[in-house]
Amino acid sequence: MKTRILPAHTQEECKLAVHAAAQLLREGQTVALPTETVYGLAADALNPAAVMRIFEAKERPRFDPLIVHLPGISWLEQITEIENEARELLNKLIAKFWPGPLTFVLPRKKIVPDLVTAGLRTVAVRMSAHPVFVKTIHEFGRPLAAPSANRFGRISPTTAEHVRDELDGRISLIVDAGATVHGIESTIVAIHPKRLELLRRGPITEEELAEFGEVAVLTDARVRSPGQFPSHYAPRTPLLLIKNADSFAPPREEKCGFLGWRSASNQFLEVRVLSSRGDLREAATNLFRHLRELDHAKLNLIVAEEVPDEGLGRAINDRLRRAANSDARDRPG
Ligand code: TXA
Ligand code: MG
C-alpha cells in the first residue's frame, strides 16, 4: 500500500486533506491524524473490519483496547452507560477539560464493537481539540477509534514524519499539520461516583484532577489499563535512566547519547536537552522527538535524566521509566 502524506497547514490544504481523510474513513480505511497530544491512527470505531486494520497496521495485540474519539458530546450517551452517581463528577470534568487531552473510562454500551474494548465492559472516550482532527471527525460524522500512530510498544509520533517512520506502506494517508502541542498522550481516568482512578498520567495532572475529588493513582495496575505495560515507548537503543547527570560518567567503551533535563553534558556523542529553561510543558513537547532522534543516532546507549517528579514531570518520568525497561526490545514491533 502506498502511504500518501497530505499537508494541512493552510486553510485550502486543510479542506482537501480533511475531505480525503473523511472519504477514506467512510471506506473503512485507516488514516493518521494529528491530535493535540500525539498523532493518532484513526478508523471508524463502529466498524469492526475498519478497527481490525488499526490492529494490523500497528501489530497491536487484540487485548489492548482503543480510545474512541467522539465527534460531539451527544455521542457520549450513545457509547457509554453513565451511572447517575458518577454523572455530576463527569459533567464537571467535561466542562473543564473537554475538548482536550483527558480520556474517560466508562461502562460501555453494546454499540461499541468488542474489538475496540478488547472485550472489556468499559470503553475509553475522549474529544480532541485539534482543529484538523475536529474538522475530520465532523465531516465523517461518527466516532473514531484512534490509538497513537506508532507500531506497538514504540515511541508515540508527534510529527507526520514520525508516523511515516512507523507506518509507511501500512496505511493509506497521513495528514500533516506539523508538530503536536502537548507531545505526550492524554491523561486517562476511570470515573466512579465521587472518585477518580488515574490510569495513565498525561497533560492533565493529578493536581488538576484532585480539585474535583479524590484521585486514586493506579498507573501501574496492568489489569485496569491493559495497555500500560511496564515497558513501552521503547527506543531500539537501550536506555538508562539516572537521577542526575552531574556526577555521572558514561561508560567509555559505549557510544553514549544523553537526554538531559535542563543542561547538556559534553561527555556524550549526541545530546538533547528537554528544556533549558526548566519548563515541564516544553519538556513534554520535546520528549518523544528527542528520544526518536537519539534512537536514530546509531548509539549503544541513551542515558536519560529524570525530570522533577511533580505535576507534568510525573507523566514524563513515567514514560522515561517505561522506555528504560529493556524487555520492550524483545517484544514484537
Ligand atoms: O492522547 C491520546 O490518548 C492518543 C491520541 C491519538 O488520542 N491516543 C492514545 O491511544 O494514546 P493508545 O491506544 O496509544 O493508548 C490508549 C490507552 C492504552 O494504554 C489502553 O490500554 C488504554 O488506553 N485503554 C483503552 N481502553 C481502556 C479501557 N476500557 N480501560 C482501561 N484502559 C483502556
Ligand atoms: Mg500508544
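I took rings of Phe, Tyr and Trp (its six-membered ring) as a pair if their centres lie within 6.5 Å. The model I looked at is a predicted one.

**Aromatic pairs**

By this rule I get three aromatic pairs. Among them is Trp 98 with Phe 104, a tilted pair at 5.1 Å centre to centre and 45° between the planes. I checked burial: both Trp 98 and Phe 104 are buried.

I then looked up Phe 258 and Phe 268, which form a stacked pair, 4.8 Å centre to centre with 20° between the planes. Phe 258 sits in strand E13 (residues 256–260) and Phe 268 in the loop between E13 and strand E14 (270–273), so this pair ties together parts 10 residues apart in sequence. I find Phe 258 buried, and Phe 268 too.

**Helix H4**

I went to helix H4, residues 84–97, which has 14 residues. From first C-alpha to last H4 reaches 20 Å, close to the 20 Å expected at 1.5 Å a residue. I list its buried residues as Ala 86, Leu 89, Leu 90, Leu 93, Ile 94 and Phe 97. These buried residues of H4 pack against helix H3 (75–79), strands E5 (102–107), E9 (187–192) and E10 (195–200), and helix H8 (206–210).

**Val 38**

I located Val 38 in the loop between strand E2 (31–33) and strand E3 (40–44). Leaving aside neighbours within four places in sequence, I find Val 38 in contact with residues including Leu 33, Ser 148, Pro 157, Ile 184 and Phe 288. I also took the C-alpha separation of Val 38 and Arg 108: 25 Å, with the two 70 residues apart along the chain.

Note on methods. Residues numbered from 1 in each chain as written. Chains lettered and ligands numbered in written order. Predicted model: local features only at pLDDT ≥ 70, side-chain atom pairs only at ≥ 80, totals over all residues. Heavy atoms only, no water. Phe/Tyr/Trp six-rings, centres within 6.5 Å; stacked < 30°, edge-to-face > 60°. Buried < 20%, exposed > 50% of the residue type's maximum accessible area, 1.4 Å probe, protein only. Helix = DSSP H or I, 4+ residues; strand = E, 2+ residues; numbered from the N terminus. Expected span 1.5 Å × (residues − 1). Contact = heavy atoms within 4.5 Å.
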